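Hello,

Here is the structure we talked about handing over. My notes on its side-chain contacts follow below it.

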Amino acid sequence: MSMVSPSEAEEALSAFAARLKNENSASSSDLSILESKLCGPDGVVTALITKLWLPQIDPNNSLSILVHLVGKYPNKYMNAVASAIRHDIEHKFDTTKMDTTEQCYEVSDALILALAKLLVAPNSDTQTGIATDAHAGLLALCKFDNHEYHKSGTCQKLFQHLATLWKYLQQQQKDKIRESSTAQMRIAALMIDVCLLGGKEIALALSDDAGGIMKKLLDLALDFPNKDPLLQMTALDALEGLAVESKNCPMTTERAEFLLGNDKLHNGLLYLIGSSSEDVQFDTINGYAALRLVTEICRVGILSSSHSVVESTKTKFNALLRSFQEALHALEPRGESERLSYIYAVSSLVASCATSTEEMSKSILQDTTLLHGWLSLFSRSSQPKLKSSILSSLSQVIEPAIWQDKEDACSDYVSLSLYHAFGEANNQRDPTECVLSSAKSPFVEERLGAYNLLRAMASRRCCVRMLLLYKGDDDNSIFVEWLLNQDTESTNEGRQARFKILESLLADVNNIEGLISTKAFREMQLWMKRGPAHTTAVPWNLATE
């Protein structure tokens, strides 16, 4: 079929629009005529999309025609319209490739609502691509709004429409609960993605001006008792996304304020994990989902000072930490998955308390029950993955990076205290003996965990001397001998990890030349020069000569 001219396409659309306007509907024969003139459904959608963003010169009201086609002929048009609009948005509103000062497209309120309806459209439950396209298109519009300092108010309009749709979904009858739950989580996922764009977005989500959409997610995640625990679990996982920080989505002050200081969020989570102050038990279904979220909030709190949160927020966060500490005492994890969650929960709590006030730091360091439950390797003797998790989690607390706003003396004291607590938790052995034992494990996971801990220790000047001068029972410098004998590590990942230990040791601030033999120091320099692939079997007497 030959392509029609723009004037012929416009004439065909005008005739269809007139029919639609005069009779509030258009017959199948009218659509057939339109499709025959515009090369089928794809041609119709393409012709309508061209003026979708220019309503001031769109006499046929392209959006109204698209809404009509999607509503009356969903199987034919819903997928095509969602896909076409998404790709048009990503082309026209790509802030990395356009001169936004010359951008003259208009994002109408009606268009935002139409896309929001596609996000939760009935057919999108079985045709997930429709919801995916709607999500991507709306998120791209919000990114552009963020780039343009929210001049168009797209984010606020979107949140208002999503809140209205959410309220409608919650009023559905029992026979539509599954479809309603799926649609609600799509709304929540889009809201979270938009909130990650910046501080203004999460402020809007929390405000009544945007329909209080964040409150709806909190109600879904934290209300107790909850009639739909699986939906509640999904809501908790969605909230966890707000606590994740990445290069593309850095933590904002507004997001940190919400996570560290929202009473409803804190009280609901503590209720699920069995806060002693509320006299409730750990929720058997969603307790660990709540535990993971509190763990991530603790990680946000570690760097809270860099987000300039107010003192009242810090006070609320410290109260959360105290209640979290009490709740963890009553927790009895079973199985590998639960134990992993417990390990990271305790390590995050310890890091948060240690980098908080002096009182909280002292309290957590004296909590031997919690520290032993976290750091004991013997209770996981046949579980190398859990051992690796313990060692790696301890290395993250000792890692200097999380102490950027603290004095060296404070961080060194806490790091050494935790390192010795590690030995105490493992039959009161020397901590270096324990970690070297794991470094010689036949299981690569456990070895990598030990390497992480040794690298963290080597990054601290106060710990370097302790490592280099450590002597085993036979009075030999075990650590230096082990490090230089690279033949004991056969994996590339392990060699890279051991090389990072060397890099930390040879940092100028450590000045280790006088602590080990000249031959050992030269061998380290040669290894440093040649890189991770360098290997040499070192005689026993090299490190002690």
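**Side-chain contacts**

Tyrosine 288 is buried, at a relative accessible area of 13% (buried is under 20% relative accessible area, exposed over 50%, partly exposed in between, with a 1.4 Å probe and protein chains only). This is a predicted model, in which local features need pLDDT of at least 70 and side-chain atom pairs count only at pLDDT 80 or more, while totals for chains, interfaces and linings use all residues. Residues are numbered from 1 along each chain as its sequence is written, and side-chain values use heavy atoms, with hydrogens and water left out.

Aromatic pairs

The whole structure contains seven aromatic pairs (rings of Phe, Tyr and Trp, the last by its six-membered ring, with centres within 6.5 Å; planes under 30 degrees apart are stacked, over 60 edge-to-face, the rest tilted). In one of them, the ring centres of phenylalanine 93 and phenylalanine 144 are 5.2 Å apart and the planes stand at 80°, so the pair is edge-to-face. Phenylalanine 93 sits in the loop between helix H5 (74-92) and helix H6 (109-119), and phenylalanine 144 in helix H7 (residues 128-147), 51 residues apart (helices are DSSP runs of H or I, at least four residues, numbered from the N terminus).

Charges over rings

Lysine 92 lies over the face of tyrosine 105, 5.7 Å from the ring centre (NZ of Lys or CZ of Arg within 6 Å of the ring centre and within 35 degrees of the ring normal). Arginine 498 is over the face of tryptophan 482, at 4.3 Å from the ring centre.

Salt bridges

The search of the whole structure gives 17 salt bridges (a side-chain nitrogen of Lys or Arg within 4 Å of a carboxyl oxygen of Asp or Glu). Glutamate 446 bridges to lysine 387, with the closest N and O atoms 3.6 Å apart. Glutamate 446 is in helix H23 (residues 444-458) and lysine 387 in helix H20 (residues 384-398), so the pair ties together parts 59 residues apart in sequence. Both glutamate 446 and lysine 387 are buried.

Arginine 447 and glutamate 489 meet in a salt bridge at 2.8 Å, N to O. Arginine 447 lies in helix H23 and glutamate 489 in the loop between helix H25 (478-484) and helix H26 (492-505). Arginine 447 and glutamate 489 are buried.

Regards

Note on methods:
Helices (H or I, at least four residues) and strands (E, at least two) are DSSP runs, numbered from the N terminus.
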